[in-house]
Amino acid sequence: KGRSAPSRQVQRRLSPRAGAAESSLAAIPRAGRAIGWRTKFHLNPTAPRDSPARKQMPLEIILTIAFVIFLLAASAFFSGSETALTASSRARMHTLAADGDARAVVVNKLMETPERVIGTVLLGNNLVNILASALTTSLLINLFGDVGVAYATVLITALVVIFSEVLPKTYAIAYSDRVALAVGPTMRALVKVMGPLTKTVE
């Protein structure tokens, strides 16, 4: 009984510390999730809140966004090329070819087999659009969770329709001859590279 009073005093002294320890333990899962998110995207979890290391975007995200932009540009190229080649003036192309314009000669040769050009455009366009959609979906899922699928669907649809379909085709129709001459050499190389695949589809 003589020891009961000191023991109660020791318990009172230890109880605040025990409560603080329990609070610290309860905060570990939240801190773990935050640190896990930053570690997943290679952020520095120990850096000060206002430091450049905490505000810097991970290299993987930057590279993914850059590659998606490149794929959308490639899709715009395919869409504009198809419109320009099919809408270009055959009479003007023959006149330019007769005057020695090598690019006009390329355009005339391409349009001798329009099915191969269209097959190359469709194959390339679908390839880059699907890849851009997959990368965007993966990125937004990592950032926002499952709801990232919805975000990616809305975002990539808007980007493809506006920047890879409407704008390039509108420009190609307005300046069909100029665009056809510009894209002719590149399209000839793509037709040769994708020739075996397009023939298989045909």
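Colleague: What should I know before I start reading?

Modeller: The model is predicted, so local features need pLDDT of at least 70 and side-chain atom pairs count only at pLDDT 80 or more, while totals for chains, interfaces and linings use all residues. Residues are numbered from 1 along each chain as its sequence is written, and side-chain values use heavy atoms, with hydrogens and water left out.

Colleague: How many helices and strands does the protein chain have?

Modeller: Helices (H or I, at least four residues) and strands (E, at least two) are DSSP runs, numbered from the N terminus. Here the protein chain has eight helices and zero strands. Read from the N terminus, the order is α-α-α-α-α-α-α-α.

Colleague: Which residues account for 70% of the contacts with a separation of 6 or more?

Modeller: A contact means heavy atoms within 4.5 Å. In this protein chain, residues 24 or more positions apart account for that 70%.

Colleague: Now, is valine 160 buried or exposed?

Modeller: Buried means under 20% relative accessible area, exposed means over 50%, and partly exposed is in between (1.4 Å probe, protein chains only). Valine 160, in helix 7 (residues 148–174), has a relative accessible area of 15%, so valine 160 is buried. Leucine 159 also lies in helix 7, but at 24% relative accessibility leucine 159 counts as partly exposed. Over the protein chain, 29% of the 202 residues count as buried.

Colleague: What does valine 160 touch, leaving out residues up to four places away in sequence?

Modeller: Valine 160 touches Leu72, Asn129 and Glu165. Take asparagine 129: 31 residues separate it from valine 160 in sequence, yet their C-alpha atoms are 7.6 Å apart in space. Leucine 159 and isoleucine 69 are 90 residues apart in sequence and 9.6 Å apart in space, C-alpha to C-alpha.

Colleague: At what angle do helix 3 and helix 6 pack?

Modeller: Axes are lines fitted to C-alpha atoms, for helices over the stretch in contact, and angles run from 0 to 180 degrees between N-to-C directions. Helix 3 (residues 59–87) and helix 6 (residues 114–144) pack at about 155°, with axes 9 Å apart. Angles under 35 degrees count as roughly parallel, over 145 as roughly antiparallel, 65 to 115 as roughly perpendicular and the rest as oblique. Helix 3 and helix 6 are therefore roughly antiparallel to each other.

Colleague: Is the crossing of helix 3 and helix 6 left-handed or right-handed?

Modeller: A crossing is left-handed if the near helix is turned anticlockwise from the far one by less than a right angle, and right-handed if clockwise. The crossing of helix 3 and helix 6 is left-handed. For residue classes, Ala, Val, Leu, Ile, Met, Phe, Trp, Tyr, Cys and Pro count as nonpolar, Asp, Glu, Lys and Arg as charged, and the others, Gly among them, as polar. The contact of helix 3 with helix 6 has 17 nonpolar, eight polar and one charged residues.

Colleague: How does helix 7 meet its partners?

Modeller: The axes of helix 3 and helix 7 come within 8 Å and cross at roughly 35°, and this crossing is right-handed. Their contact includes Leu72 and Ser75 from helix 3, and Leu159 and Val160 from helix 7. By class, the contact divides into 10 nonpolar, five polar and two charged residues. Helix 6 and helix 7 pack at about 145°, with axes 8 Å apart, and their crossing is right-handed.

Colleague: Which residues have the most contacts inside the largest nonpolar core?

Modeller: In soluble globular proteins, nonpolar side chains tend to be buried together. A nonpolar core is a set of buried Ala, Val, Leu, Ile, Met, Phe, Trp, Tyr and Cys residues joined through side-chain atoms within 4.5 Å. The largest one here has 20 residues, and Leu85, Val107, Leu110, Val117, Leu181 and Met187 have the most contacts inside it. Helix 8 (176–201) is among the elements giving two or more residues to this core, and helix 8 supplies the largest share, seven residues. Apart from this core lies another, of eight residues, among them Val68, Val128, Ala132 and Val160.
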